[in-house]
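Hi,

Here's the structure I promised to pass on.

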Amino acid sequence: MYQASDPETIQSLFKSIATKYDRANAIFSFGLHRTWNRRLIESMRGKRQLLDLCAGTGEIGVGFLRENPHAEAWLLDFCPEMLEVARWKGGPFQERMTLMVADAQKIPLERERVEGVTIAYGIRNIQRPRSCFQEVYRVLKRGGKLGILELTRPHSAFLRLSHGIYLKGVLPLLGKLMTNNGDAYKYLASSIQAFVSPEEVGRELLGTGFSQVEICPLFGGIATLILADKS
């Protein structure tokens, strides 16, 4: 049984689907995730150092390096198998990319080391999000930015109903067909529905010391981009 309260089970989940993760995401999101990912990457424009937490297969970290030829990035994830995919994907950027197998609640970087931090589709899988936010605040330089991209519950009743049907009925079935692990996608679907609202995430960020929190719903709230500054 996969549970966010038991990190080893989540690590096992991502290990089981690492090599099929990108292709599955493209199908499950109907390609929308590419637009959402670009919004997150664009929010870090001009940053010279990026820490990408829950980096997975490197879609954000490698995308950032591709768009910022003089920047460097640290890609952190607790699943080595996911980072191996990122290593292959980031081949042309090896000199500017550092992979770290570590816990996002205990970031192995010194204080005020990076200008930007991103977390894409990962904060709901972290056991203690506030501990992660405190660590992000610690490693961010003054004037730095945090960007969180997460799958969320839509705003309208119609979208919420159809979204719920898709998550509960369609996604696990497709997950089983695509990755041979339907239980993994049952967990991922339930984690989206159970996770707190973007507004609550914003309040947590303000409570941690961040300022100027901006909440940007995407595609009716199916995904949300949350931006916060360390001023």
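Below is what turned up on pockets and salt bridges. Keep in mind that this is a predicted model.

Pockets first. The largest pocket holds about 520 Å³ of space. Its lining has 25 residues, with F28, S29, W36, L151 and Y166 nearest the centre. Helices α2, α3, α7 and α8 each put at least two residues into that lining, and α7 gives the most, with six. By type, the lining of the largest pocket splits into 17 nonpolar, seven polar and one charged.

The second largest pocket comes in at about 440 Å³. It is lined by 31 residues, and F14, C54, A55, D77 and G122 sit closest to its centre. At least two lining residues each come from α1, α2, α3, α4 and β2.

Now the salt bridges: the count is 11. One of them pairs R48 with E115, with the closest N and O atoms 2.6 Å apart. R48 is in the loop between α3 and β1 while E115 is in strand β4, so this pair ties together parts 67 residues apart in sequence. R48 counts as exposed, at 52% relative accessibility, but E115 is buried at 11%.

R130 and E204 also form a salt bridge (3.4 Å, N to O). That one links helix α6 to helix α9, 74 residues apart. R130 is partly exposed at 34%, as is E204 at 27%.

Finally, E112, R142 and K230 are linked in a salt-bridge network.

Cheers

Key
Residues are numbered from 1 along each chain as its sequence is written. This is a predicted model: local features need pLDDT of at least 70, side-chain atom pairs count only at pLDDT 80 or more; totals for chains, interfaces and linings use all residues. Side-chain values use heavy atoms; hydrogens and water are left out. On a 1 Å grid over the protein atoms alone, a cavity is a set of points where a 1.4 Å probe fits but cannot get out, and a pocket is an open set with protein on both sides within 12 Å along at least five of seven lines; lining residues have an atom within 4 Å of a point. Grid points are joined across faces, edges and corners, and a volume is the space filled by probe spheres set on the points. Helices (H or I, at least four residues) and strands (E, at least two) are DSSP runs, numbered from the N terminus. Ala, Val, Leu, Ile, Met, Phe, Trp, Tyr, Cys and Pro count as nonpolar, Asp, Glu, Lys and Arg as charged, and the others, Gly among them, as polar. A salt bridge is a side-chain nitrogen of Lys or Arg within 4 Å of a carboxyl oxygen of Asp or Glu. Buried means under 20% relative accessible area, exposed over 50%, partly exposed in between (1.4 Å probe, protein chains only).
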